[in-house]
Amino acid sequence: MDLATVIGLVVALVGIIGGNILEGGNPMKLINLPGFFIVILGSLGAVMISQPLSVMVGLPKTIMKAFFAGSSHNSAETVELFVQMADKARREGLLALEADIEKIHDPFTRKGVQLMIDGTDPELLREIMEIERESMKHRHESNFAALEFMGGIAPTIGVLGAVMGLMTVMSHLDEPDHIGPGIATAFVATFYGVFTANVLWLPLAAKLKSNSKHELHALDVVIEGLMSIQAGDNPRIVREKLEGFLQPSLRGKKDEAGAARREAA
């Protein structure tokens with residue numbers, strides 16, 4: 001679970017609802033079914049018009065990834081894996097890596113190692129892996145685009161809901177007791193639009209974009225690791241090259257947890 005996403009959402013809710021209570025408001029007044037229908041379903045409908053159906057079908061899964069899945073790659077572990085493979089390939093040859101390929105859980109890395117063992121030309125291997133990387137990048141960008149579009153359109157649909165509510169109020173001006181509550185209800189739609197855009201859709205898109213950036217960076221480590229082993233670099237050179245991708249605090253440190261897991265596998 002991505003604790004930063006969960007804690008951030010809880011802090012935002014406490015801040016907004018707590019502030020409403022301190023101002024003398026009643027949080028229950030923020031619950032409004034017509035406003036929910038107008039803003040949530042209206043936003044979903046608008047984003048469906050703008051995006052392919054396949055993106056919309058995958059949208060719930062995409063949103064859950066912001067809560068339950070960070071980057072699936074650990075670059076420090078990847079560096080350690082390639083240093084070990086470089087050492088084995090140098091001592092026993094590339095074909096010796098075939099015995100360990102089932103222990104590689106990441107499909108992208110496993111595919112690259114298999115192609116390398118099969119003797120694929122280095123340029124062709126890089127081209128195949130970069131196509132795979134670009135394909136992943138394109139899928140990720142489609143997912144952020146849907147959430148960013150919802151974040152952009154939700155406040156406008158909230159204003160539309162407020163206008164619709166005010167039109168209803170104006171049609172009942174002969175009932176003064178209902179004017180104040182009617183106007184308050186109308187503005188709840190605006191609240192829903194601004195709230196969902198700035199607390200949900202745009203932050204979730206930013207989290208997924210950040211995760212994607214880390215994941216693509218990790219794929220770059222894999223591609224360079226494959227190229228380095230295929231070029232016959234010794235393990236020290238492989239480590240020097242790949243650690244260039246890591247943050248300074250992670251360089252030169254062996255990931256003991258990752259190494260232990262691989263040894264146990």
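This section describes selected helices, loops, ring pairs, salt bridges and a surface patch of a predicted model.

Residues are numbered from 1 along each chain as its sequence is written, and side-chain values use heavy atoms, without hydrogens or water. Because the model is predicted, local features require pLDDT of at least 70 and side-chain atom pairs pLDDT 80 or more, while totals for chains, interfaces and linings use all residues.

Asparagine 26 and asparagine 32 both belong to the loop between α1 and α2. Helices are DSSP runs (H or I, at least four residues), and they are numbered from the N terminus. Helix α1 spans 3-22 and α2 spans 33-50. Asparagine 32 is buried, because its relative accessibility is 13%. The classes are buried (under 20% relative accessible area), exposed (over 50%) and partly exposed (in between), with a 1.4 Å probe and protein chains only. A polar atom of the asparagine 32 side chain lies 2.7 Å from the backbone nitrogen of glycine 35. Beyond its neighbours within four places in sequence, asparagine 32 contacts Thr185, Val188 and Tyr192. Contact means heavy atoms within 4.5 Å. Asparagine 26 is partly exposed, at 37% relative accessibility. Its side chain reaches the backbone nitrogen of methionine 28 at 3.0 Å. Asparagine 26 and histidine 140 are separated by 114 residues in sequence and by 40 Å in space, C-alpha to C-alpha.

Tyr192, a contact of asparagine 32, also takes part in ring pairing. The structure contains three aromatic pairs. Rings of Phe, Tyr and Trp (its six-membered ring) pair if their centres lie within 6.5 Å; planes under 30 degrees apart count as stacked, over 60 as edge-to-face and the rest as tilted. Phenylalanine 191 and tyrosine 192 form a tilted pair, 6.0 Å centre to centre with 50 degrees between the planes. The pair of phenylalanine 191 and phenylalanine 195 is stacked, because the centres are 5.5 Å apart and the planes stand at 25 degrees. Both phenylalanines lie in helix α8 (residues 179-230), four residues apart, or about one turn of the helix. An α-helix has 3.6 residues a turn, so residues three or four places apart point the same way. Ring pairs link Phe191, Tyr192 and Phe195 into a cluster. Tyrosine 192 is buried at 12% relative accessibility, as is phenylalanine 195 at 17%. Phenylalanine 191 is partly exposed, at 27%.

Helix α8 also holds glycine 193. This residue is buried, with a relative accessible area of 0%. Not counting residues up to four places away in sequence, glycine 193 touches Val39, Ala154, Pro155 and Gly158. Serine 43 is 150 residues from glycine 193 in sequence, yet their C-alpha atoms are 8.8 Å apart.

Helix α6 (residues 107-117) has as its buried residues Phe108, Thr109, Gly112, Val113, Leu115, Met116 and Ile117. These residues pack against α5 (75-92), α7 (122-170) and α8. Glycine 119 follows α6 and has a positive phi, near 85 degrees.

The structure holds 14 salt bridges. A salt bridge is a side-chain nitrogen of Lys or Arg within 4 Å of a carboxyl oxygen of Asp or Glu. In helix α5, aspartate 87 and arginine 91 lie four residues apart, about one turn of the helix. Their closest N and O atoms are 3.2 Å apart in a salt bridge. Aspartate 87 is partly exposed at 32%, whereas arginine 91 is exposed at 55%. Glutamate 134 bridges to arginine 133 at 3.1 Å between the closest N and O atoms. Here glutamate 134 is partly exposed at 41%, and arginine 133 is buried at 15%. Aspartate 233 and lysine 241 meet in a salt bridge of 2.6 Å, N to O. Aspartate 233 is buried at 19%; lysine 241 is partly exposed at 42%. Salt bridges with shared partners join Glu80, Arg239 and Glu243 into one network.

Met1, Leu3, Ile7, Val11, Met64 and Phe68 make a nonpolar surface patch of about 640 Å². Elements giving two or more residues to this patch are α1 and α4 (59-68). Helix α1 supplies the largest share, three residues. Patch residues have over 30% relative accessible area and no salt bridge; like charges are joined within 9 Å, and nonpolar side chains (Val, Leu, Ile, Met, Phe, Trp, Tyr) within 5 Å. Areas come from the Shrake-Rupley method with a 1.4 Å probe, and for residues only the protein chains shown count as cover. Methionine 64 lies in helix α4 and is partly exposed, at 41% relative accessibility.

Technical notes
Polar contact = N/O pair within 3.5 Å; in protein donor to acceptor, adjacent residues only side chain to side chain.
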